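Let's walk through this one together, a stop at a time. Have the 3D view open as you read.

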Amino acid sequence: MLLTGTVVVDAETTLSDGAVVTEGDRIVAVGERADLVETYPDHERRDFDIVAPGLVGAHVHSVQSLGRGIADDTELLDWLFESVLPMEASLDREGMRVAAELGYLECLASGTTTVVDHLSVDHADAAFEAAGETGIRARMGKVLMDTESPDGLEEATEAGLNESERLIGEYHGAFDDRIRYAVTPRFAVTCTEECLRGARALADEYDGVRIHTHASENRDEIATVEDRTGMRNVHWLDEVGLTGEDVVLAHCVWTDETEREVLAETGTHVTHCPSSNMKLASGVAPVRDYLERGINVALGNDGPPCNNTLDAFTEMRQASLLGKVDSLDPTAIPAATVFEMATRNGAEAAGFERVGALREGWTADLVGLTADGPRSTPIHDVRSHLVYAAHGDDVALTMVDGEVRYDDGDYPGFDAEATLAKAQELAEEIA
Ligand SMILES: [Zn+2]
């Protein structure tokens with residue numbers, strides 16, 4: 001395919017009258033429109049206003065999609081234990097599959113091509129199948145929680161680790177390597193030491209498997225961990241092996257100086273979730289400080305019950321605005337930085353190589369956007385437009401691994417209408 005428009009190569013480089021050529025799952029050329037149209041006359045041509053790398057949602061909960069709006073305006077631990085976990089526990093295999101499909105369809109329609117997805121305890125196969133069939137790229141894993149788990153979600157330590165190992169065998173590298181596994185403890189509060197150490201041991205056994213968990217999102221959470229272990233949360237995670245270049249920690253809102261040093265020294269990835277942190281009033285993550293320390297900070301929408309959308313464009317805007325008001329400095333977290341967080345930094349955290357920029361030889365994960373309405377006129381700087389003015393609805397086409405997965409309201413090869421109808425039906429049962 002030959003896609004034309006203003007091409008956003010990466011956070012630094014744009015081509016105002018450019019084109020991108022894909023063949024199979026690869027980008028084979030990026031350059032001036034006139035040159036590439038002449039060189040590739042037989043490629044199917046699609047014209048857009050903007051062509052950009054697909055966005056990376058480096059912390060989402062696809063399987064919570066049926067809970068959009070169920071627990072608004074609630075404190076985090078109440079939100080989790082009284083609404084969200086009971087909802088997860090109520091889903092059977094089909095419910096889990098529909099919820100995951102719904103989440104991935106929303107992502108694809110709004111320009112997210114890769115997610116780091118935190119599933120639930122049970123029925124993880126259903127979400128892996130949903131990722132495979134909707135076509136999204138995902139680093140994902142079943143949740144481990146072996147303590148304080150309501151409504152039957154509690155699972156024996158060994159059973160959870162064994163099931164994780166089975167899923168690694170089944171899905172790590174599946175669907176043309178679009179799907180990779182992350183061992184996924186829920187968070188330190190709901191996991192025993194044995195479980196957390198077991199997660200590290202399991203990840204070490206398999207090449208390319210990562211670890212993904214929540215950390216230091218909320219003050220009650222870090223107080224609970226400190227009471228139990230005598231340590232600050234990130235020090236505790238470091239003690240049991242859950243830091244490092246293969247670890248993605250969501251949130252990291254409440255960290256002290258010494259914990260930030262650990263994150264930087266170990267190369268641990270942090271996913272900033274500004275909408276969720278604002279909606280649950282968790283606090284403001286010290287993103288500027290993390291970036292200055294060289295910590296890789298990605299962006300995530302978190303789950304539909306705490307956001308309430310998976311629109312990564314909204315998340316970029318929120319990240320920038322929150323960073324500015326937090327530091328009382330309008331130069332903090334500028335558009336180019338936040339675009340990098342939502343693309344390359346996300347791909348680094350997710351552990352996919354040659355993803356997150358439009359370069360020759362890189363993977364064909366990209367989006368074509370329409371930008372011709374009042375909200376898009378004028379565009380003085382395309383990155384500013386994408387971060388501060390664009391919406392997920394501006395996405396006209398989404399390609400993952402060279403395959404068109406969303407095209408102007410359609411999902412080629414996937415029956416999205418059936419998913420939406422079933423999701424509505426199941427949501428009424430949950431309500
Ligand atoms: Zn989360």
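**Helix packing and a metal site**

The axes of H14 and helix H15 (residues 382-389) cross at roughly 70° and come within 9 Å. H14 and H15 are therefore roughly perpendicular to each other (65 to 115 degrees). Ala-335, Ala-336, Val-338 and Phe-339 of H14 meet Arg-383, Ser-384, Leu-386, Val-387 and Tyr-388 of H15, where contact means heavy atoms within 4.5 Å.

A word on what you are looking at: this is a predicted model, in which local features need pLDDT of at least 70 and side-chain atom pairs count only at pLDDT 80 or more, while totals for chains, interfaces and linings use all residues. Residues are numbered from 1 along each chain as its sequence is written, and side-chain values use heavy atoms, with hydrogens and water left out.

Now turn to the other partner of H14. Helix H13 (residues 312-327) and helix H14 (residues 335-350) have axes that come within 9 Å and cross at roughly 135°. Met-316, Ala-319 and Ser-320 of H13 make this contact with Val-338, Phe-339 and Ala-342 of H14.

Finally, find the zinc ion. What coordinates the zinc ion? His-59, His-61 and His-214, each through NE2, and Asp-302 through OD do so, at 2.1 to 2.2 Å; donors are N, O and S atoms within 2.8 Å of the metal (3.2 Å for Na, K and Ca), and water is not among the atoms, so sites may look incomplete. Along the chain, the donors follow the spacing H-x1-H-x152-H-x87-D. His-59 sits in strand S5 (residues 55-60) and Asp-302 in the loop between strand S13 (297-299) and H13, so this pair ties together parts 243 residues apart in sequence.

Methods
Axes are lines fitted to C-alpha atoms, for helices over the stretch in contact, and angles run from 0 to 180 degrees between N-to-C directions. Helices (H or I, at least four residues) and strands (E, at least two) are DSSP runs, numbered from the N terminus. Angles under 35 degrees count as roughly parallel, over 145 as roughly antiparallel, 65 to 115 as roughly perpendicular and the rest as oblique.
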